[in-house]
Every structure is written in C-alpha cells, then in structure tokens.
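Reader: I have a model open and want to go through it piece by piece. Can we start with the sheet?

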Amino acid sequence: MDKFVRLEGLVAPLDRANVDTDAIIPKQFLKSIKRSGFGPNLFDEWRYMDVGQPGQDCSQRPKNPNFVLNAARYQGAQILLTRQNFGCGSSREHAPWALLDYGFRVVIAESFADIFFNNCFKNGILPIVLPAAELDALFAQVEATHGYRLTVDLAQQVVVRPDGKALPFVVDAFRKECLLNGWDDIGLTLRHADKIKAFEEKRRVEQPWLFA
C-alpha cells in the first residue's frame with residue numbers, strides 16, 4: 001500500500017447523500033478480486049448511458065454529459081467531496097478499490113458507513129469527516145473556482161483551503177500510523193517476519209511430524 005503523508009490535489013464534487021456501494025461499483029463487476037482495473041467502472045451507472053459489463057472497453061461507451069466526473073474540469077481529481085452516509089449498503093471492498101484505481105486518495109464527507117470507512121484505511125484512502133457547514137462552503141468554492149485544489153496534511157490532521165483556512169479533522173492514531181507508513185494488513189504482519197520465521201523453525205524441530 002502506498003504511503004499517505006500529504007496531498008495537494010484537484011477536488012471533484014459529488015453533491016449526493018447516501019451514495020451506496022452498488023452505485024460506487026455495481027454488482028456485475030464484483031467477480032474479479034484482483035484489486036485493480038475497477039477505475040473505469042467507478043460510478044458506472046451514473047457515468048455511462050449504457051449498461052456496463054466486465055471486460056468491456058469503456059473508452060467506446062457513451063458517457064453521461066450531466067455526470068460531474070465526466071466534466072473536463074474535474075479530470076485528474078484526487079479528492080472527492082461528497083455528503084453524508086457515503087459508502088452505505090453492502091460491505092464490498094471493491095468500492096474503495098474502484099475509487100483508488102480511478103485516482104482518488106481522499107474522500108471528504110459529513111459521515112461514512114462504518115464498513116466502507118474501515119475499508120478505505122485498509123486500501124490507502126483517507127476518509128475525512130467534516131461538519132456540514134464546512135462542506136457547504138467547500139462545495140460553493142469548488143463550483144465557483146475552476147481547478148479548485150485542497151491540501152490534505154495527514155501528519156498535521158488538517159485540510160487547507162486555497163485561502164489558507166485550515167480545517168482540522170480527527171483520525172484514529174493507529175490508522176494514521178498505518179497510512180503514514182503504507183501498512184495494510186499484510187504489511188503489518190510482515191513487520192514481524194523474523195519472529196514468524198523463528199516460530200516456524202522452532203516448530204519444525206519440536207513437531208517434525210507436521211512437516212512429514
């Protein structure tokens with residue numbers, strides 16, 4: 001998992017509440033567990049005018065001109081701004097996979113569904129909770145300003161607006177440490193690789209029948 005320390009990125013606004021995981025990545029794309037290649041199908045039913053299928057060439061599909069992520073001004077966005085209860089619905093880990101593969105490293109919302117919130121941290125995405133009033137101001141500024149960018153500093157736990165105003169956010173200390181160091185669940189386990197190897201070698205001597 002890539003480290004997350006500080007990001008200065010373009011913001012895309014998804015002004016919708018209760019966005020569920022089936023909207024983030026529809027069910028027909030859940031057959032693959034490769035953790036990559038889901039970006040073209042992020043928000044598939046909203047981005048395209050036809051019904052998407054796994055393995056389809058999305059570059060040839062008709063796009064919905066009214067969907068925000070299809071606007072030229074938001075191409076290359078790394079920060080998604082949205083509303084309350086983002087990531088509700090089923091617990092599919094494919095949802096953060098799709099967001100990350102598209103290019104998003106930060107999602108800012110008023111609230112998140114618990115399982116989705118946890119899955120974001122495990123996959124290198126920083127979910128940030130801000131008050132509704134701050135989100136209203138951010139949505140207004142994004143709409144009014146082409147190329148609107150925010151700076152997200154995980155070490156300092158602040159989102160910094162272009163006008164210099166810093167918006168503090170809360171993050172669990174353990175999750176923060178994992179993101180700063182790029183540790184997913186496998187990475188955390190491999191920190192103890194020497195102890196694991198020593199345990200297996202000792203067990204091979206003490207219980208050789210297990211390895212016969």
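Reader: What order do the strands come in?
Author: This is a predicted model. Its open sheet has 7 strands, running β4-β3-β2-β1-β5-β6-β7, with mixed pairing.

Reader: Which strands stand at the edges?
Author: β4 (126-129) and β7 (166-168). Each has a single partner strand, so one side of each has no neighbour in the sheet. From one strand to the next, the twist averages 30°.

Reader: In what sense do β5 and β6 pair, parallel or antiparallel?
Author: Antiparallel, over 3 bridges, between residues 149-153 of β5 and residues 158-160 of β6. Val159 in β6 has Val152 opposite.

Reader: Thr151 next. Buried or exposed?
Author: Thr151, which lies in strand β5, is at 13% relative accessibility; the cut-off for buried is under 20%, so Thr151 counts as buried.

Reader: And what is Thr151 in contact with?
Author: Setting aside neighbours within four places in sequence, Thr151 contacts Arg6, Leu7, Glu8, Val158, Val159 and Val160.

Reader: Switching to helices. How many residues of α3 are buried?
Author: 7 of the 9 in α3 (residues 94-102), so the helix is largely enclosed by the rest of the structure.

Reader: Which ones?
Author: His94, Ala95, Pro96, Trp97, Ala98, Leu99 and Tyr102.

Reader: What follows α3?
Author: Gly103, with a positive phi near 130°.

Methods: Residues numbered from 1 in each chain as written. Predicted model: local features only at pLDDT ≥ 70, side-chain atom pairs only at ≥ 80, totals over all residues. Heavy atoms only, no water. Pairing = 2+ DSSP bridges. Helix = DSSP H or I, 4+ residues; strand = E, 2+ residues; numbered from the N terminus. Axes fitted to C-alpha atoms, helices over the stretch in contact; angles between N-to-C directions. Buried < 20%, exposed > 50% of the residue type's maximum accessible area, 1.4 Å probe, protein only. Contact = heavy atoms within 4.5 Å.
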